[in-house]
Every structure is written in C-alpha cells, then in structure tokens.
Amino acid sequence: MSLFTSTAGVSGITPDDYGPLIIEPVERQSVALQVAGTLKTSSTKVHIPIVHTDAGASFVTEGEEIAPTDASLGELEVMPAKCAGLSIVSSELAEDSDPDAQKLVGDGLARSIARVLDQSFFGSLPFPAPKGLETVDGVGTVDAGTKFTNLDAFQEAINRAEDVGATITAFAANPADALTLAKLKQAKDSNVPLLGSDPTTPTRRTILGVPLYVSNAVTAGTVWGIPRDRVMVVMRRNVTLDVSKHARFTSDQVAIKATMRAAHAFPHPAAIQRVSLTKAS
C-alpha cells in the first residue's frame, strides 16, 4: 500500500503544511528570482514574441498616402526543466508535529533548489539544466581592467543598456568581487565607501543607485548588469511536494521530494551587460 497525502497520520507532511516552507524560502533566497522578471505558466512550452524592429513612421503631407511598413518579429521558445530536491527522514520525525522539524526539512530543500536555480541562471550547467547567462550570445561586454578601482565600468554598462532602450535594475556579483567593491573609497585617505546604501534594506549596497546582489553562482571576475524587464525566469505554477515510504519500507523512513520546473529567457541579449575583469596572461 502506498502512502498518499490523503492517508491518515501524515497530516504533518502534507503539501498544505510544507508548501509555504518550500516556495517562500526559494523566492527569498534565489538571487535569480530577485533580479529577473518571473513568468509563471502551466504549459509545457512558453513562446515569447520578440519585436526586433518596429514598424516605421514618418511625417506626411495632409492627404498623401501613408507608406506601409512591417515590423520585424521573432519568437523565443522556452521549455521549463525540472529542478528537484530530496530529503529522507525517519517516520518518527515525519509524524512529529513540531514546527521546527517541518521547517528543517523545508528549508533544506528550499536552499538546494535556490542554489541550483542560481547556478543555472548565472552559469552554464550541462543538460538538462536550462541555459544561463554564460551561454547567451550578443550580451554587452565592458572591460573593467585588471581590478576594480572605480565605478567607471558600471557607468559604461548602464549607458550601453540605455543605448538599446533598456534600464539596468540590478547588478549581480560573486561575494569576492562584492567585497572588493565594498572596500572602494570615495577618495584617497577617505573612509567613506564608494558604494551607496539602500535605505529600505540596510545590508544591501548599490552601484550608482542600482542594487547590488551577491551570489556564489556568479563567476568571480564578472558582474552582471541585468534589466529586469528583458530577463525572465519561466516557472511552472505548480510547485509540488511528494511523499513516499514505499522504497524505504524496511528502514521505516519517509522520502520527501520537492520539484519545480523552471527555465530562463533572455529575449534581448544586447540589454544585458557583462562587466568583466581582464585575466592576467
């Protein structure tokens, strides 16, 4: 006999109890979900239309024919891939109604999902992980020199994004680079940091007014400038939690599996800016 969420005695580990512990921590801990727009879907594939060139317009004399022009259109097809976490607990722990026990399992799965989601978003994980920023062709690139000494490269990134009609809403950096930037001072022999602060979030720093996010998933030596409206994380609406005791019947353990389907969409690569340090030869 299989153990279902409707079976008597498993109310402590049903989706109603665990759902908030799985979903909410992922959304708080994943940097990708904070810097990118989120598109939720219940479909297997998502088609994102792209306007490459607008239909033209011009001044015309009153009464003259208006010359028709066509927009140049494209389409980006995105298929969410499965991201999953698995935790094994004893039946005694599963039956315990203590909220701390439930939170321990939920937070552990949430951290795993958030970590893998960020690794795929900022990196280039092998298939079946969705393609991330490291694999996108056509992103803007800014050379910051051999080390960060000022914010000129970030100003250039902001301007390059504006040049293609986008606005950078977040920078994302590796912790090592974030620390280097945080140590920069406004002037020689000054103790005033060059980075700004966010009054709404005291621990958050800003680069030229743009929030700086920190993630180990970002490659050291690279800082991404991301326009939220040109970058998306596509998620299936249904985040599921499955519970099974069948495979571990003889050891009296319960397997708790959390799954989420997600993929990344970069419909306007030129709007994304990559600020990179020059590697020493």
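In this predicted model, His264 is in contact with Val78, Leu117, Ser120, Phe121, Pro130, Lys131, Gly132, Met232 and Val233, when neighbours within four places in sequence are left aside. His264 belongs to strand S13. The residue is buried, because its relative accessible area is 7%, and the cut-off for a buried residue is under 20%. Two polar atom pairs involve the side chain of His264. In one, the side chain of His264 forms a polar contact of 2.8 Å with the side chain of Ser120. In the other, a polar atom of the His264 side chain lies 3.4 Å from the backbone nitrogen of Phe121.

The largest pocket holds about 430 Å³ of space. Its lining comprises 20 residues, and those closest to the pocket centre are Glu77, Val78, Pro130, Lys131 and His264. Strand S3 (72-78) and strand S13 (253-265) are the elements that contribute two or more residues to this lining. By residue class, the lining consists of 14 nonpolar, 3 polar and 3 charged residues. Val78, Pro130 and Lys131, listed among the residues closest to the centre of the pocket, are also among the contacts of His264.

The largest nonpolar core contains 32 residues, and the most contacts inside it are made by Val35, Phe121, Phe122, Leu133, Trp224, Ile226 and Val233. Two or more residues of this core come from each of helix H2 (31-35), strand S4 (81-90), helix H4 (99-122), strand S6 (170-173), strand S10 (222-226), strand S11 (232-236) and S13. Another core, of 23 residues, lies apart from the largest one and includes Val142, Ala144, Phe148 and Ala271.

Within the largest core, Ile226 is one of the residues with the most contacts. Not counting residues up to four places away in sequence, Ile226 touches Val35, Phe121, Phe122, Leu133, Ile168, Thr169, Ala170 and Val231. Phe121 and Val233, also listed among the core residues with the most contacts, are both in contact with His264.

Val60 is located in the loop between strand S2 (46-53) and S3. With a relative accessible area of 41%, Val60 is partly exposed, since this value falls between the 20% limit for buried and the 50% limit for exposed residues. Beyond its neighbours within four places in sequence, Val60 is in contact with Glu65 and Ile66.

Terms used. Residues are numbered from 1 along each chain as its sequence is written. This is a predicted model: local features need pLDDT of at least 70, side-chain atom pairs count only at pLDDT 80 or more; totals for chains, interfaces and linings use all residues. Side-chain values use heavy atoms; hydrogens and water are left out. On a 1 Å grid over the protein atoms alone, a cavity is a set of points where a 1.4 Å probe fits but cannot get out, and a pocket is an open set with protein on both sides within 12 Å along at least five of seven lines; lining residues have an atom within 4 Å of a point. Grid points are joined across faces, edges and corners, and a volume is the space filled by probe spheres set on the points. Helices (H or I, at least four residues) and strands (E, at least two) are DSSP runs, numbered from the N terminus. Ala, Val, Leu, Ile, Met, Phe, Trp, Tyr, Cys and Pro count as nonpolar, Asp, Glu, Lys and Arg as charged, and the others, Gly among them, as polar. Buried means under 20% relative accessible area, exposed over 50%, partly exposed in between (1.4 Å probe, protein chains only). A polar contact is a pair of N or O atoms within 3.5 Å; within protein, one must be able to donate a hydrogen and the other to accept it, and residues adjacent in sequence count only if both atoms are side-chain atoms. Contact means heavy atoms within 4.5 Å. A nonpolar core is a set of buried Ala, Val, Leu, Ile, Met, Phe, Trp, Tyr and Cys residues joined through side-chain atoms within 4.5 Å.
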